[in-house]
Amino acid sequence: MQIEAYAGEEMILNMGPQHPSTHGVLRLELETDGEIVRRVVPHIGYLHRCFEKHAENVDYPGVIPYTDRMDYVASMNNSLGYALAVEKLMKLEVNARVQTLRVIMAELNRIASHLLSIGTYAMDIGSFTPFLHCFREREKILDLFEWTCGARLLYNYNWVGGVSHDIPEGFVEKTREFLRQFAPVIPEMDELLSYNKIFVERTARVGVITEEMALSYNITGPNLRGSGVRWDLRKDAPYSGYETYDFIVPVGIGKFGPLGSCWDRYYVRVREMEESIKLIRQALDRLPEGDVQEKVPKKVKPPKGEVYGRTETPRGELGYYIVSDGGNNPYRVKVKSPCFTALSILPEIAKGEMVADIIALIGSIDIVMGELDR
Amino acid sequence: MKQAPEILQLLQEKFAEKILKSDIAATDPFVTLAPESIAEISVFLRDHPELGFDTLMCLSGVDYKGSKTEPDRIEVVYHLFSMKHRHQIVLKAQLPRENPAIPTVENVWAIANWHEREAYDMFGIHFEGNSDLRRILCPDDWVGYPLRKDYEQPATYRGMPVAPTKQFVEMAMEGQHVGTDPFVADLKKS
């Protein structure tokens, strides 16, 4: 191979932990040969707060604020997964209004999370403008959340058996107005970024994940769909009434290079925002009446047993393995983080790439260190 | 798609003596296996055309010490899923709390490498054959296994206090200088 001809001395390069493009505190040990990366060793744990140990020392509802702090850009989705897992353990059914509100909030947060992901990704690659556009829109979603439950990022919204607040008067109209205004922003983003020649050149042939690799490494979410696998828990193992909505699951198309490249993963996120808009519109149309705390138990005390619940967050499949011994506190809570599995594939796909492409790679798998390290 | 009883039956045909316990009526049906056979059975589960468990969703350690209902032990739990056939099964292996060891399944599902590192880091479970069994979330020179039920937090790590000690908190409450934080002085006044 041509690369062999240039083989020289190798140099160890530390990327991170305080590097803006590592999206938090992640350290990569790169073994470089000139500009080519021979080996990558990720070092994680800088944001480790031992969530799982904390969870054993508080009662079931007390865990929810901790789940918010794992993936702090998609807290609604994280707490939803936990609430659903505990409800499954308790065999608790929530009413239709709670289900619909949860879908609205989860999808709004999905849009907010994808906007952040796309914006920062563009900035990593070297384009500043999309970042500002994305953050302008994200801000409006955060305002809606703040109006509903008082918090902008860490909501403690999805409770076991219900939600913390019903939506305020006028929320439906405000959200519709936001969607009306936001829908044309996505084609704008396509023009600005998706089909931008420089962006495509930087991403379309980099970091290809094949379907086989994705399954073996348990890659999930947009990263998996970027490799052309049409798999989405909202469709394939529906929860919270997702089976009654009409939406499609976008997958990577390999338009500018091999299927499963960084561009495909980015592209899936853009298309998913359109589907989220569809979902929110349907949910707003049907929003049934009801008391949102009707089923909230006075004391959350699941029977002895264990459960594995998983939901589709913006980053992929988030799993909660909860063991109950019949007491007030969970005996064990294990979180399967989608970022954890996504990062584990990095050493495999980064081999032989250029140093600058590593930046493109990390941004495209969209990791949040808070959830990765827990 | 196969239901849990069918999966269990396929397993029983081949590995009858390795199955120690099974519960197909549980919320997530599980099979408890002899620890030494886990790698062999994993390969079978992945490669069997009718089972095809191609993903390892989750690998967790659980420490049952001082549990009101269960005997003391360490358990390794494998949540498997088949994307092709859309069915799932849970495998469990019970290990002693002293020097727990179990073969790795890294060669069956690549993701197991990191999950096993985490279980090693948090519970001290030794995964025999894992190519890179290092701590992953805690620093390399951390002492103890944090998620064990009898874990006691060290007072300091490399000279840095890990958590505020009782004395530290008392000093802070009395308004004594414990750092550069002006918050401490305000605490006294209020």
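A salt bridge is taken here as a side-chain nitrogen of Lys or Arg within 4 Å of a carboxyl oxygen of Asp or Glu. The model is predicted, with local features needing pLDDT of at least 70 and side-chain atom pairs counting only at pLDDT 80 or more, while totals for chains, interfaces and linings use all residues. Residues are numbered from 1 along each chain as its sequence is written, chains are lettered from A and ligands numbered from 1 in the order in which they are written, and side-chain values use heavy atoms, with hydrogens and water left out.

Asp366(A) and Arg315(A) form one such salt bridge, their closest N and O atoms lying 3.5 Å apart. The pair links distant parts of the chain, 51 residues apart, since Asp366(A) sits in the loop between α16 (355-365) and α17 (369-373) of chain A, and Arg315(A) in the loop between β6 (305-313) and β7 (316-324) of chain A; helices (H or I, at least four residues) and strands (E, at least two) are DSSP runs, numbered from the N terminus. Asp366(A) is buried, at a relative accessible area of 3%, and Arg315(A) is buried, with a value of 3%, where buried means under 20% relative accessible area, exposed over 50%, and partly exposed in between (1.4 Å probe, protein chains only).

Elsewhere in chain A, Asp232(A) forms a salt bridge with Arg225(A), with 3.6 Å between the closest N and O atoms. Asp232(A) counts as buried at 0% relative accessibility, and Arg225(A) is buried with a relative accessible area of 0%. Both belong to a network of salt bridges that links Glu107(A), Arg110(A), Arg225(A), Asp232(A), Arg234(A), Glu272(A) and Glu312(A).

Salt bridges also cross between the chains, and the rule finds six of them across the interface of chain B and chain A. In one, Glu118(B) pairs with Lys334(A), the closest N and O atoms being 3.2 Å apart. In another, Lys88(A) meets Asp28(B) at 3.8 Å, N to O, the lysine coming from helix α4 (residues 75-90) of chain A and the aspartate from the loop between β1 (19-23) and β2 (30-33) of chain B. Lys88(A) is partly exposed, with a relative accessible area of 36%, whereas Asp28(B) is buried, at 8%.

As for the interface as a whole, 41 residues of chain B are in contact with 40 residues of chain A, contact meaning heavy atoms within 4.5 Å.
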